[in-house]
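Colleague: I am new to this structure, and I would like to go through it with you slowly. Please tell me, for each term, what makes it apply.

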Amino acid sequence: MSTASDVDLGRIALLEAIQHQGKEWDVVAPRYGVTNPDPPWKTSLKAMCECLAVSGALPTLERRRAEDELADSVYGEVPAPESELLALVHTMLAESDLRNRMRTVRSRLEVV
């Protein structure tokens with residue numbers, strides 16, 4: 001994965017659409033009477049980040065720097081932890097290796 005200084009700050013259409021859907025936890029939770037301040041997926045997000053760090057695919061400091069850069073320039077209107085999630089997905093989608101792997105998987109699925 002790239003270093004934080006190499007973070008692609010370009011907008012990703014899918015993530016642009018997602019960030020403006022009003023799906024932030026502090027908006028959705030009260031609608032369904034949920035009082036837990038943390039979204040249920042936050043634990044999975046933290047675990048995924050740990051796995052990426054331990055494997056060396058995305059070291060913690062690089063991820064946090066990229067997250068800060070993206071929060072300042074692209075996802076500034078989105079509250080945490082949603083901005084953390086969008087930044088991680090953005091960073092991963094910006095990696096050409098990941099894009100190539102996704103294309104390979106998609107082509108295999110389309111054959112079935």
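Modeller: The chain has six helices and zero strands, where helices (H or I, at least four residues) and strands (E, at least two) are DSSP runs, numbered from the N terminus. Read along the sequence, the pattern is α-α-α-α-α-α. This is a predicted model, in which local features need pLDDT of at least 70 and side-chain atom pairs count only at pLDDT 80 or more, while totals for chains, interfaces and linings use all residues. Residues are numbered from 1 along each chain as its sequence is written, and side-chain values use heavy atoms, with hydrogens and water left out.

Colleague: What makes Ser83 count as buried?

Modeller: Buried means under 20% relative accessible area, exposed over 50%, and partly exposed in between, with a 1.4 Å probe and protein chains only. Ser83, which lies in helix α5, has a relative accessibility of 10%, and therefore it counts as buried. Over the whole chain, buried residues make up 29% of the 112 residues.

Colleague: And why is Ala57 called partly exposed?

Modeller: Ala57, in the loop between α3 and α4, has a relative accessible area of 30%, so it is partly exposed. Met102, found in helix α6 (residues 96–111), is also given as partly exposed because its relative accessible area is 34%.

Colleague: Which residues does Ser83 touch, not counting those up to four places away in sequence?

Modeller: Contact means heavy atoms within 4.5 Å, and with residues up to four places away in sequence not counted, Ser83 touches Tyr75 and Val78. Val78, with its neighbours within four places in sequence left aside, is in contact with Gln19, Ser83 and Leu86.

Colleague: What makes up the largest nonpolar core?

Modeller: A nonpolar core is a set of buried Ala, Val, Leu, Ile, Met, Phe, Trp, Tyr and Cys residues joined through side-chain atoms within 4.5 Å. The largest has 10 residues in all, namely Val7, Ile12, Leu15, Ala66, Leu70, Val74, Tyr75, Val78, Leu86 and Ala87. The elements that give two or more residues to this core are α4 (60–73) and α5. Apart from it lies another core, of six residues, including Leu45, Cys49, Leu52 and Met92.

Colleague: At what angle do helix α3 and helix α5 pack?

Modeller: Helix α3 (residues 42–54) and helix α5 (residues 82–94) pack at about 35°, with their axes 11 Å apart. Axes are lines fitted to C-alpha atoms, for helices over the stretch in contact, and angles run from 0 to 180 degrees between N-to-C directions.

Colleague: Which residues of α3 and α5 meet?

Modeller: From α3 come Leu45, Met48, Cys49 and Leu52, and they meet Glu84, Leu85, Leu88 and Met92 in α5. The residues of this contact divide into seven nonpolar, no polar and one charged, since Ala, Val, Leu, Ile, Met, Phe, Trp, Tyr, Cys and Pro count as nonpolar, Asp, Glu, Lys and Arg as charged, and the others, Gly among them, as polar.

Colleague: Where is the cis peptide bond?

Modeller: The peptide bond from Ala80 to Pro81 is cis, with omega near 5°, and Pro81 has its place in the loop between α4 and α5. In general, most peptide bonds are trans.

Colleague: How far apart in space are Ala57 and Glu84?

Modeller: Ala57 and Glu84 are 17 Å apart, C-alpha to C-alpha, and 27 residues apart in sequence.
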